[in-house]
Amino acid sequence: MSVHTPLPRKKTTIASLLASRSSGTPITVVTAYDYPTALTLSSSSCPIDMTLVGDSLAQTALGLPSTTSLTLDEMIHHAKAVARGTTTPFLVVDMPFGSFHISEEQAARNACRLVQEAGIDAVKLEGGREIAPIVRKLTSIGIPVMAHVGLLPQRHVAMSGYRVQGKDVAGAERIWGDALALQEAGAFSMVIEAVPTPLAKYMTENLDIPTIGIGAGPYTNGQVLVWDDLLTTTPSDHKPKFVRRFADVRSLREKAIAAYSTAVKDRSFPHEIDESYKMDKSEWEKFMERRRADESSVKSD
Ligand SMILES: Nc1nc(=O)c2c([nH]1)NC[C@@H]1CN(c3ccc(C(=O)N[C@@H](CCC(=O)O)C(=O)O)cc3)CN21
Ligand SMILES: CC(C)C(=O)C(=O)O
């Protein structure tokens, strides 16, 4: 095989994620909310291991004030589009607020909908030890669950805002206890959001499942970022400390739209030959002859 031919990439599995953890190869996760984004993540020249249809969908793509108003039906609509564009990455979908807390039965029914209607690989559930029975239930019926501890955006009101968690002994012990309970319940992996670096490092070293950090420092088994944050797609004054801007797509888009507007208004777009269609001269002349005949027959009526 020539050096220019990329090696065919294999579909990420739970086993391959565990192998990455064991070999110390960082796991890459990015969110996606639509088909073209899913295609980009699936065909990246440097691998993205997991695609997450995060419920950040509410804010990034739907303009909602927080994730709590996102419905399961809205999530399924987007998850289907992402699934159509996802090949090799492991596809994880957030269960929206209110779609899994009511009972194990409700959680199982809704997780089954996500699997059957959207064709996703796994679900992610925000919460601590109180949702361990739900994690156990879903795992027991063969739906892999990614846990999510630390900052829980679905509880931003109860937590008095989006704040770093586990900064004192009590907070750190609570998060560590939650992590153990969720691993014990069968979670295959765990997102750790906005906790101090030493706590995330301790958790990574003392759990058996891959940890995926966001605002959790460099020592987790993998990292996740929101598509819109890493590309800078949207105007926003606030940048959480954990976000790094890998591109400025927003200014690129704004420049493109301004250039389009200018070109239409000054009539330099479209170009008469390069961007427009031709017609045979004789066909055009026949067309005009017939129009003239029509006009004179209307006049003589
Ligand atoms: N675009 C986007 N990116 C995200 O990472 C994201 C969403 N949306 N929506 C759902 C949740 C909300 N998230 C957030 C939102 C804000 C902060 C934030 O402002 N954090 C403060 C912490 C301040 C402190 O306690 O010291 C920061 O300034 O970093 C963190 C996570 C993560 N998720
Ligand atoms: C920030 C990531 C982990 C998430 O849960 C989301 O995108 O909703």
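I count two residues as in contact if their C-beta atoms, placed from the backbone, lie within 7 Å. I take helices (H or I, at least four residues) and strands (E, at least two) as DSSP runs, numbered from the N terminus.

I note that this is a predicted model, in which local features need pLDDT of at least 70 and side-chain atom pairs count only at pLDDT 80 or more, while totals for chains, interfaces and linings use all residues. Residues are numbered from 1 along each chain as its sequence is written, and chains are lettered from A and ligands numbered from 1 in the order in which they are written.

**Helix packing.** I began with helix α4 (residues 72–85), where L72, I76, A79, K80 and A83 meet N110, R113, L114, E117 and A118 of α5. I sorted these residues by class (Ala, Val, Leu, Ile, Met, Phe, Trp, Tyr, Cys and Pro as nonpolar, Asp, Glu, Lys and Arg as charged, the others, Gly among them, as polar), and the contact of α4 with α5 divides into 6 nonpolar, 1 polar and 3 charged. The two helices pack at an angle of about 35 degrees with their axes 9 Å apart; axes are lines fitted to C-alpha atoms, for helices over the stretch in contact, and angles run from 0 to 180 degrees between N-to-C directions.

I then looked up helix α2 (residues 35–42), whose axis comes within 7 Å of that of α4 and crosses at roughly 35 degrees. This contact is made by Y35, P36, A38, L39 and S42 of α2 with A81, V82, R84 and G85 of α4, and by class it has 6 nonpolar, 2 polar and 1 charged residues.

**Barrel.** I followed 8 strands that close into a barrel in the order β1-β2-β3-β4-β5-β6-β7-β8, with parallel pairing, and the twist averages 25 degrees from one strand to the next. Two strands pair if DSSP finds at least two bridges between them, and I checked strand β7 (residues 211–214) with strand β8 (residues 222–225), which pair in the parallel sense over 2 bridges. I found that the bridge partner of G213 is Q223 in β8.

**Ligands.** Which residues are around ligand 2? I call a residue near a molecule if its C-beta atom, placed from the backbone, lies within 6 Å of it, and I list T31, G54, D55, S56, D94, V191, E193, I214, V224 and V226 around ligand 2. This shell has 4 nonpolar, 3 polar and 3 charged residues.

Around ligand 1 I found 15 residues, the closest being S56, P153, Y162, R163 and P240. The elements that give two or more residues to this shell are α3 (57–60) and α9 (227–231), and its residues divide into 7 nonpolar, 4 polar and 4 charged.

**Backbone details.** Most residues other than glycine have a negative phi, and most peptide bonds are trans. I noted A194, in the loop between β6 (189–193) and α8 (197–206), where phi is near 50 degrees, a positive value in a residue other than glycine. I also noted that a cis peptide bond joins F269 and P270, with omega about -5 degrees, and that P270 is found in the loop between α10 (249–265) and α11 (281–300).
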